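User: I am new to this structure and would be grateful for a close look at a single part of it. Please describe that part and its surroundings in one connected account.

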Amino acid sequence: MVDSTLSLLLRGYAWLPDRRRSSGGAPVRTRLLGKRAIALHGPAAVRFFYDEKHIHRHGALPEPVIDTLFGQGAVHTLDGEHHRVRKGMFLHLLKDPVGVKSLTDQVVREWDGAVAGWADRGRIVLFDEAAGVLTRAVHAWAGVPLPEAEADGTARDLVAMVDGFATAGPRHLRARRARRRQEKRLARLIEAERESGDAGPATPFRTVAHHRDADGALLDPRTAAVEVLNILRPTVAVSWFAAFAAHALHRWPEHRAALRDGDPASAYAFAQEVRRFYPFAPFIGGLAAERLEWAGRTIRPGTLVLLDLYGQNHDPDLWPRPYVFDPARFRGAPPRSDELVPQGGGDPATGHRCPGEDITLALLAALAELLSGLTYRVAEQDLSIPLSRVPTAPRSGFVIEDIQHSPTTATEEAAS
């Protein structure tokens, strides 16, 4: 069986959907990094994949991904009781509606504080500025010290960890260096927090610093730093969705008015459609825990099992006219956990689904409303979104100019 690693690197998001079409919709069998692999698709596959009796995560993630995106010893690499105890900490921190609102409010404050500076500068790259806003906001919310002189560099590092996980070469090396710097910074802060004995207000940072794992022991400072980064980094990754939201408003400006009017249902529907329509994670993977059967195929123990995410979010059987941007599809009942899967599927309380998805959705809805409250001009630029690049974004980062803050009467002029 031919190894598909090079093809995956070259084709990116299109690799798995193309392989699935060529197989007539059957599960795709291949090899990745020399390991036997099978790719599954659809809601039933989501339920199958997130059953821990079927799929284990320990040992499934390639070391280059762990060393850049998640970190060694991260919750993403655990199974069983160790995973449940560590995941419980994240559910407590990231699923609390009060905490979600608090972080969203902090992002809005940081955005409002940044806008005047954007107007003075005349032209900005929205992706970069959103990363700065989110970095400052999540550090303040989580209670992680961040001197202003370090904010821009920290934002670049958090972006680099996401940008370089799925590639080789300079982007990957930047991601590794960024992770080393941030783990060292946060490990020092963890040690200082433990030594201080200061019983201050509860914060996400303090919760991680004093968390005890399934064995009753504190996390070592480096692993605690890894898990703090697993709060900071995914929040800053919303920068990708912010750029996509701006791209959508540029292409389909008819959606601006409802967002500008502050209709929560419109903001929710728009945010969900951005998450469905635009590329984020192509797939996720785990290892077959035992001999399994799927769609008449035998899956041998230890086989790498991939769950198609990008392809499912564009499956016409689930989403009529999947390549039409249509927030109205989310105006009714919320999507089932095995249907819309930009950040994985299943139940975050019982499986490996991202516990920060509520935060992503709330922040994206808020950022979409904030964008609709700006008057700006879209500069002439390359707004293409290459599917061969993972993770992808508008090539230019979305450059805007002639910026004014006008929450109630914002309009967007076409580039001249």
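Analyst: Leaving aside neighbours within four places in sequence, Ser-266 is in contact (heavy atoms within 4.5 Å) with Ala-258, Leu-259 and Arg-331. This is a predicted model, in which local features need pLDDT of at least 70, side-chain atom pairs count only at pLDDT 80 or more, and totals for chains, interfaces and linings use all residues. Residues are numbered from 1 along each chain as its sequence is written, and side-chain values use heavy atoms, with hydrogens and water left out.

Ser-266 counts as buried because its relative accessibility is 8%, buried meaning under 20% relative accessible area (1.4 Å probe, protein chains only).

Ser-266 belongs to helix H14, residues 264-277; helices are DSSP runs (H or I) of at least four residues, numbered from the N terminus.

Phe-270 also touches Leu-259, and its other contacts include His-255, Phe-325 and Pro-327, residues up to four places away in sequence not being counted. In the largest nonpolar core, which has 88 residues, Phe-270 is among those that touch the most other members, together with Trp-111, Trp-118, Leu-232 and Val-274. Such a core is a set of buried Ala, Val, Leu, Ile, Met, Phe, Trp, Tyr and Cys residues joined through side-chain atoms within 4.5 Å. Apart from that core lies another, of 17 residues, including Ile-38 and Ala-288.

Conventions:
Helix = DSSP H or I, 4+ residues; strand = E, 2+ residues; numbered from the N terminus. Buried < 20%, exposed > 50% of the residue type's maximum accessible area, 1.4 Å probe, protein only.
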